[in-house]
Amino acid sequence: IETGKYYNLGETGGCIWALLEEPLSVGNLVDRLICEYNVSREQCMEDVLPFLESLVERGLITAVEE
């Protein structure tokens, strides 16, 4: 709202967004996604990491070191 920009995250992005309502490690997020979608852990990581990085860059989520 602060920037006046709106984002369409798509179906999978929306699922990730909903899962991130509670603090979650990347590993736990990937575990949940591979249960939901028919995808390998490796492919899921390849797709999810850049998506999460883009959310961080836009200030939509905050990454916390474990």
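**Exercise 1. With which residue does Arg41 form a salt bridge, and how far apart are the closest N and O atoms?**

Solution. The model is a predicted one.

Step 1. Apply the cut-off: a side-chain nitrogen of Lys or Arg has to lie within 4 Å of a carboxyl oxygen of Asp or Glu. The partner of Arg41 is Asp31, and the closest N and O atoms are 1.9 Å apart.

Step 2. Consider solvent accessibility. Arg41 is partly exposed, its relative accessible area being 34%. Asp31, at 30% relative accessibility, also counts as partly exposed.

**Exercise 2. Determine how many salt bridges the model contains, and describe the one formed by Glu22.**

Solution. 

Step 1. The count comes to 2 salt bridges.

Step 2. Glu22 meets the side chain of Arg32 in a salt bridge, with an N to O distance of 3.3 Å. Since Glu22 lies in the loop between α1 (10-19) and α2 while Arg32 lies in helix α2, the pair ties together parts that are 10 residues apart in sequence.

Step 3. Glu22 has a relative accessibility of 39% and counts as partly exposed. Arg32 counts as partly exposed as well, at 36%.

**Exercise 3. Describe the secondary structure and overall dimensions of the chain.**

Solution. 

Step 1. The chain has 3 helices and 0 strands. Read from the N terminus, its elements run α-α-α.

Step 2. Along the principal axes, the C-alpha atoms fill a box of roughly 35 × 30 × 20 Å.

Step 3. The chain has 66 residues, of which 18% count as buried.

**Exercise 4. Which residues make up the largest nonpolar core, and which element gives the most to this core?**

Solution. 

Step 1. The largest nonpolar core has 10 residues in all: Cys15, Ile16, Leu19, Leu29, Val30, Leu33, Cys44, Val48, Leu52 and Leu55.

Step 2. Two or more residues of this core come from each of α1, α2 and α3.

Step 3. The element that gives the most is α3, with 4 residues.

**Exercise 5. Characterise the largest pocket by its volume and by its lining.**

Solution. 

Step 1. The space in the largest pocket is about 460 Å³.

Step 2. Its lining consists of 17 residues, and those nearest the centre of the pocket are Leu24, Val26, Thr62, Ala63 and Val64.

Step 3. Helices α2 (26-36) and α3 (41-57) each supply at least two residues of the lining. The most is given by α3, with 4 residues.

Step 4. Sorted by class, the lining comprises 11 nonpolar, 2 polar and 4 charged residues.

**Exercise 6. Compare separation in sequence with separation in space for the pairs Tyr37 and Thr12, and Glu42 and Leu52.**

Solution. 

Step 1. Tyr37 is located in the loop between α2 and α3. At 25% relative accessibility, Tyr37 counts as partly exposed.

Step 2. Tyr37 and Thr12 are 25 residues apart in sequence, and their C-alpha atoms are 9.2 Å apart in space.

Step 3. Glu42 is part of helix α3. Glu42 is exposed, with a relative accessible area of 53%, the threshold for that class being over 50%.

Step 4. Glu42 and Leu52 are 10 residues apart in sequence, with 15 Å from C-alpha to C-alpha. Leu52 is also one of the residues of the largest nonpolar core.

Conventions: Residues are numbered from 1 along each chain as its sequence is written. This is a predicted model: local features need pLDDT of at least 70, side-chain atom pairs count only at pLDDT 80 or more; totals for chains, interfaces and linings use all residues. Side-chain values use heavy atoms; hydrogens and water are left out. On a 1 Å grid over the protein atoms alone, a cavity is a set of points where a 1.4 Å probe fits but cannot get out, and a pocket is an open set with protein on both sides within 12 Å along at least five of seven lines; lining residues have an atom within 4 Å of a point. Grid points are joined across faces, edges and corners, and a volume is the space filled by probe spheres set on the points. Ala, Val, Leu, Ile, Met, Phe, Trp, Tyr, Cys and Pro count as nonpolar, Asp, Glu, Lys and Arg as charged, and the others, Gly among them, as polar. Buried means under 20% relative accessible area, exposed over 50%, partly exposed in between (1.4 Å probe, protein chains only). A nonpolar core is a set of buried Ala, Val, Leu, Ile, Met, Phe, Trp, Tyr and Cys residues joined through side-chain atoms within 4.5 Å.
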